[in-house]
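Biologist: I would be grateful for a close look at a single part of this structure, with its partners set in the context of the whole chain. Please give the cut-offs behind each term as you go.

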Amino acid sequence: MESHVVTSQDGYLLTLHRLKSPAFLNENTVSSLNNSTVLLHHGLLGSSADWILLGPEKSLPYILSNAGCDVWLINARGNYYSRGHMNKRVDSLEYWNFSFQEMGEYDLPAIVDYIRNTKNSTDQISFIGHSLGATAFIIMLSSLPEYNNYFRIGVLLAPLVYMTNAIGPLRIITSMAKTPPEQLLNLLGNGEFLPNRKIPSWIASRYCNGHEMYCLNPLLFLSGSIPEEDSWDKSLIANVLYHLPAGGSTKTILHIAQRYIKDYRYPIA
């Protein structure tokens, strides 16, 4: 495992975790992807750790690495591993003035360029993005179309693009997302989204049905992904609750809420 730090065009310091393939492959291993570069981007409020929570036997990065791939795991600006900037303090409002638009327009291109330069290779990259990671990928390819040529395939897992069918309490703030009142910003965080990593208990009890420890988790609360009791492995639940949320900006949450409003008013035929 290696750690690499990439500087985006607007000065954010982004950490990449690289999982190199074992030097020798088992002769029975399917190695059709041998030497391929695979880039993985986590979802909303997540981090690179999300990809390995299932352990070495089931986690996708390990499976790809064992198949001979060179695996790179992205950490979006503002999460645990990517909290640096060339000249902005992480506790300033200026630092948190970003959403997924900047992730796709500045961060992903810088990461792709870094990987190609580090490997001194023009081989196409395979991309796998979950949720907001898929959104950032689409933004990059649409705003910088030349980057389409750098990818062999893009696999988008539950991409956040059209929000018409979104469920969960995120809808509560949609009407205020474009011009959020001060009270809402004080509640969500005026910069970093919920710095204490918990939904206020009075909101969780009012809008969430489920065990309190799930309802207080910002990601599970917003998405409505509250697991039924005994439906998840207890060790997996512990890992998820420990690593999520990994941090992000309030502006990102409000931007997603704006997408829901637009898609609700103008649904796709």
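Modeller: Buried residues make up 48% of the 269 residues in the protein chain; buried means under 20% relative accessible area, exposed means over 50%, and partly exposed covers the range in between, with a 1.4 Å probe and protein chains only. This is a predicted model, in which local features need pLDDT of at least 70 and side-chain atom pairs count only at pLDDT 80 or more, whereas totals for chains, interfaces and linings use all residues. Residues are numbered from 1 along each chain as its sequence is written, and side-chain values use heavy atoms, with hydrogens and water left out.

The secondary structure of the chain comes to nine helices and seven strands. These are DSSP runs, numbered from the N terminus: helices are H or I runs of at least four residues, and strands are E runs of at least two. The accessible surface of the protein chain is about 14000 Å², and 52% of that surface belongs to carbon and sulfur atoms; such areas come from the Shrake-Rupley method with a 1.4 Å probe, and for residues only the protein chains shown count as cover. Of the contacts (heavy atoms within 4.5 Å) between residues at least 6 apart in sequence, 73% join residues at least 24 apart.

H4 sits in strand β1, which spans residues 2-7. With a relative accessible area of 11%, H4 is buried. Leaving aside residues up to four places away in sequence, H4 touches L14, T15, L16, R18, W72 and Y114. Two side-chain partners deserve mention by distance: the side chain of H4 makes a polar contact of 2.7 Å with the side chain of E2, and another of 2.8 Å with the side chain of Y114. A polar contact is a pair of N or O atoms within 3.5 Å; within protein, one atom must be able to donate a hydrogen and the other to accept it, and residues adjacent in sequence count only if both atoms are side-chain atoms.

In one of them, the side chains of E2 and R18 meet at 3.4 Å, N to O. E2 lies in strand β1 and R18 in strand β2 (residues 12-19), so this pair ties together parts that are 16 residues apart in sequence. E2 is partly exposed, at a relative accessible area of 25%, whereas R18, at 10%, is buried. In another salt bridge, the side chains of K20 and E2 meet at 3.1 Å, N to O. That pair links distant parts of the chain, 18 residues apart: E2 is in strand β1, and K20 is in the loop between β2 and β3 (37-41). K20 is partly exposed, with a relative accessible area of 45%.

For comparison, E192 forms a salt bridge with R197, with the closest N and O atoms 3.0 Å apart. E192 is buried, at 14% relative accessible area, and R197 is buried, at 19%. Returning to the region of E2, salt bridges that share partners join E2, R18, K20, D70 and K119 into one network.

Other features complete the setting. I128 is found in strand β6 (residues 125-130) and is buried, with a relative accessible area of 11%. I128 and V38 are 90 residues apart in sequence, yet 7.5 Å apart in space, C-alpha to C-alpha. Among the residues that I128 touches are V38, W51, L60, V155 and L157. V155 belongs to strand β7 (residues 151-157) and counts as partly exposed at 32% relative accessibility. I153, V155 and L157 make a nonpolar surface patch of about 200 Å². Patches are made of residues with over 30% relative accessible area and no salt bridge; like charges are joined within 9 Å, and nonpolar side chains (Val, Leu, Ile, Met, Phe, Trp, Tyr) within 5 Å.

Lastly, a search of the whole structure finds one disulfide, defined as a pair of cysteine sulfur atoms within 2.5 Å. The disulfide joins C208 to C215, with an S to S distance of 2.0 Å. The torsion about the S-S bond of C208 and C215 is about -75 degrees, so the disulfide is left-handed. C208 and C215 are buried.

Key:
Salt bridge = Lys/Arg side-chain N within 4 Å of Asp/Glu carboxyl O.
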